[in-house]
Amino acid sequence: MKKICNLLAVVLFAAALIIPPALSVLLPREQVSLYENRTLATFPQLTARSLMSGTFVAGVEDYLTDHLVGRNQMLEAYVRLNRDVLGKPVVNDVYESDAGTLLAKLNYDHYDAEAVAWRMEQQLGELTALDELVSSYGGKFIFCGVSEQRRDRYDQYPDYLQPGTDTIDNAERLLFEGFRENGITSINMYEVFSAHGGQDAYYSKLDHHYTFAGARLTYETIMDTINLGRDEPLAVLRENDLVFHEAEGAFYGSYSRKIFNLQRVQETLLWAEPAEPIPFTRTDNGKEVEPAVFTPKEGYASYGSYMNGDIGETVIDTGRDDLPSVLIFGDSFTNPVEGLLYYSFDEMRALDLRYYDDMTLFEYIEEYQPDYVIALRDRMQYNQAVGNGVYR
Amino acid sequence: MVFSSPLFLFGFLPALLAVYFAVPARARAARNAVLLAFSLGFYACGEPKFVFVMLASIALNYACGLLAGRERTRRLGVVLASVCGIGLLVWFKYTGFLLSSANGLFGLHLPVPEITLPIGISFFTFQGLSYVLDVARGTVAPQKNPLHIALYVALFPQLIAGPIVRYETIAAEIVERRESVDEMAAGIRRFCIGLGKKMLLANAMAAVADEVFGLDTAFLTWDLAWVGAVAYTFQIYFDFSGYSDMAIGLGRMFGFHFLENFNYPYISRSVTEFWRRWHISLSSWFRDYVYIPLGGNRVGPARHIVNIMAVWLLTGIWHGANWTFLCWGLYFGVLLLLEKFFLGKWIARLPAPLATLYAFVLAVLGWVLFRADSLPLAGQYLAAMFTPAAGVQRQTVYLLVEYRWEFLACVIGSFPVAKLCAKWRDWHSGLYALENLWAAAVFACSVVWMISSTFNPFIYFRF
């Protein structure tokens with residue numbers, strides 16, 4: 001018995017070591033990881049330098065790990081074992097609430113009133129300067145703050161995962177108080193969503209972004225704010241002016257990806273196009289691309305389909321010189337809004353300053369002098385002076 | 001390269017096993033050559049240029065071993081090996097620390113060079129030195145075949161993180177050893193358990209410890225501080241003993257028998273006993289090559305105290321070039337002296353659970369010194385552990401809920417449950433199958449956890 005067991009152990013171990021890498025070499029390799037939302041590693045180039053520096057071996061390790069046969073199954077098994085067997089509340093930094101919402105695990109907040117006040121004073125100073133710059137050539141600056149799923153669904157966290165909201169709440173309070181004092185036009189979508197049926201109706205349960213309904217309400221609110229200051233209102237795409245579509249395939253949200261879409265709740269992804277379309281050209285980072293505002297993914301639906309994801313600079317030209325121009329900047333919350341916004345303008349420029357580094361925002365505005373400049377920022381980023389929070 | 005990496009598991013190890021066992025067992029020299037070549041390759045994977053440092057160390061110890069084997073040149077061999085070997089270690093490991101400490105202490109402005117530490121240098125330096133010292137003492141004969149010395153120093157299972165293997169332990173096995181299915185199976189099981197200790201327990205405890213030790217000490221409360229300190233206590237044990245298990249298991253796969261490096265240190269009933277059970281190969285190295293040559297306990301009380309403190313100062317600084325390690329060594333030196341001269345009798349009378357708790361708490365406090373980035377931070381951390389505060393932090397509750405199974409497994413795994421199971425196994429041969437199943441399950445979970453550590457999602461869509 002002992003002999004047989006030992007022989008079996010050796011055979012199984014050898015098989016476990018040899019079969020996975022052998023199959024990984026023989027079977028076709030995927031280029032992209034759907035769940036991780038990234039391209040998989042490519043085989044590194046062997047040079048004397050890469051060999052001696054250790055980067056070649058590190059690259060081989062990355063390649064082997066990324067392309068190991070059964071990798072996705074193992075990643076899924078990890079989620080299942082942790083969630084269903086070990087009963088861990090947080091797996092891959094995601095918590096699933098009793099209501100079925102997936103929420104990111106938050107960092108425990110150590111509120112520092114002085115630090116927040118100082119940081120918000122800096123941010124407000126920058127936004128005020130931006131407002132002055134836009135006003136200097138006759139343009140109009142609008143700050144639109146959207147809420148964020150983690151903050152809106154804060155009550156759905158269990159007590160021990162509630163790290164406090166003082167930093168975020170006070171940053172928001174100081175920012176909007178400052179806007180009022182400095183006469184800067186601002187919109188707080190948290191209040192708008194609350195007045196239109198509450199946050200639940202507008203936020204995804206599987207993704208940290210709002211749903212298309214949330215994006216649409218944000219778009220309408222921005223347009224209504226613009227039109228308040230205009231003698232001749234710009235066209236606004238209301239519900240009846242749109243043809244709605246449901247993206248094909250299961251929806252993979254930023255959080256549901258992390259747990260391999262094993263959550264209880266499933267969602268669909270909506271998008272819309274004008275019932276009366278207008279022709280336009282689209283340029284991404286200086287290159288002309290297909291004139292589309294929604295790019296379906298093969299076999300699944302993703303927030304990244306809106307405007308084809310985060311792009312440093314996008315320009316949509318509708319060729320209607322009689323209409324004003326607009327610049328919108330911000331993180332990925334701007335993407336579904338951009339897909340509607342272009343309709344009302346001659347030219348829409350969209351910047352994601354995390355990926356655009358040809359010019360600073362100030363330089364960009366001075367160069368193009370758009371009639372309207374819209375900052376679309378989410379609540380979690382109000383106090384962050386990085387990416388779309390740096391203007392010059 | 002580390003054992004708990006996909007490249008080792010699915011690249012290096014199967015390749016080595018295939019080539020090694022393709023060579024007939026009677027061609028021992030060829031099998032040794034394969035093992036040596038792969039061992040050098042193993043080291044080169046992580047530190048290509050430092051292979052030359054290791055080769056220099058091997059050449060030095062080989063030559064010094066020959067010198068130490070002759071009556072007339074014995075002293076020269078020992079002095080050369082000690083000065084050059086330790087000089088190499090001091091240069092790579094302690095230059096920065098010594099210069100920055102001199103700058104800090106004496107207000108100097110000496111330039112501090114950035115020197116990359118060759119991985120495993122502390123281990124292979126001590127192994128090489130022990131060989132020369134053993135030759136000089138006549139415990140082992142000098143080895144004339146340089147490839148044997150090279151294989152002894154560079155043998156990949158113990159190369160990077162020990163255990164520190166004495167030449168006499170494997171000298172005979174380098175020349176003549178017997179690989180068999182039984183040995184291979186035993187090695188595989190040991191390797192799987194070691195991998196599980198590292199991937200399933202140590203890494204989970206590391207997540208807890210990193211979160212707590214990463215906090216600003218101003219926000220550290222007693223509950224969080226204790227959770228972090230205990231987590232680190234388990235992390236370092238399961239990480240290091242897991243690595244030793246893997247090394248011992250890998251050695252057995254190729255017919256080598258390394259000595260045990262850990263013996264359930266957290267069940268010790270005194271600090272003295274703890275150090276008989278913790279990192280045994282290092283403790284015995286310092287005992288045999290520093291403490292005893294200094295006179296050990298066969299000297300007057302004052303000299304005895306100096307001997308003990310010298311050994312513990314060196315033990316501390318061996319672990320890293322930082323004042324925290326030095327103080328950690330001295331902390332244990334003082335505790336051992338206290339037990340030797342005052343507390344020993346009292347501790348012996350304590351009920352076993354209380355004595356174990358005493359030794360465990362002192363080990364936990366020691367690990368805080370070991371883990372902290374600086375002495376002031378260690379002080380602040382220790383102060384937080386003993387500063388009472390009302391209630392329990394939410395973060396503490398989260399860490400305990402999230403990692404409850406790992407904490408429980410660490411507590412159970414700190415007791416000699418495996419030893420007990422091994423006894424049962426001998427009662428009924430059918431239990432061998434269970435042991436295999438257990439090892440297979442641990443291996444499978446470890447691989448899943450290993451791959452999951454490479455899960456690297458991007459929130460934003462940007463390929």
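This is a predicted model: local features need pLDDT of at least 70, side-chain atom pairs count only at pLDDT 80 or more; totals for chains, interfaces and linings use all residues.

Trainee: Which residues of α5(B) meet α6(B)?
Mentor: From α5(B), B:F124, B:Q127, B:G128, B:S130 and B:Y131 meet B:I149, B:Y152 and B:V153 of α6(B), where contact means heavy atoms within 4.5 Å. The residues of this contact divide into five nonpolar, three polar and no charged.

Trainee: At what angle do α5 and α6 of chain B pack?
Mentor: Helix α5 (residues 121-137) of chain B and helix α6 (residues 146-154) of chain B pack at about 140°, their axes 9 Å apart. The two are therefore oblique to each other, the class left over once angles under 35 degrees (roughly parallel), over 145 (roughly antiparallel) and 65 to 115 (roughly perpendicular) are set aside.

Trainee: Switching to chain A, what are its domains?
Mentor: Chain A is divided into domain 1 (2-104) and domain 2 (113-389), with bounds from an automatic or database domain assignment. The contact between them takes 25 residues from domain 1 of chain A and 22 residues from domain 2 of chain A.

Trainee: How much area do they bury?
Mentor: Domain 1 and domain 2 of chain A bury about 2,300 Å² between them, 63% of it on carbon and sulfur atoms; buried area is the accessible area (1.4 Å probe) that two parts lose on being put together, summed over both. In domain 1 of chain A, A:L34, A:Y35 and A:L102 lose the most area to domain 2 of chain A, together 28% of what that side buries.

Notes
Residues are numbered from 1 along each chain as its sequence is written. Chains are lettered from A and ligands numbered from 1 in the order in which they are written. Side-chain values use heavy atoms; hydrogens and water are left out. Axes are lines fitted to C-alpha atoms, for helices over the stretch in contact, and angles run from 0 to 180 degrees between N-to-C directions. Helices (H or I, at least four residues) and strands (E, at least two) are DSSP runs, numbered from the N terminus. Ala, Val, Leu, Ile, Met, Phe, Trp, Tyr, Cys and Pro count as nonpolar, Asp, Glu, Lys and Arg as charged, and the others, Gly among them, as polar.
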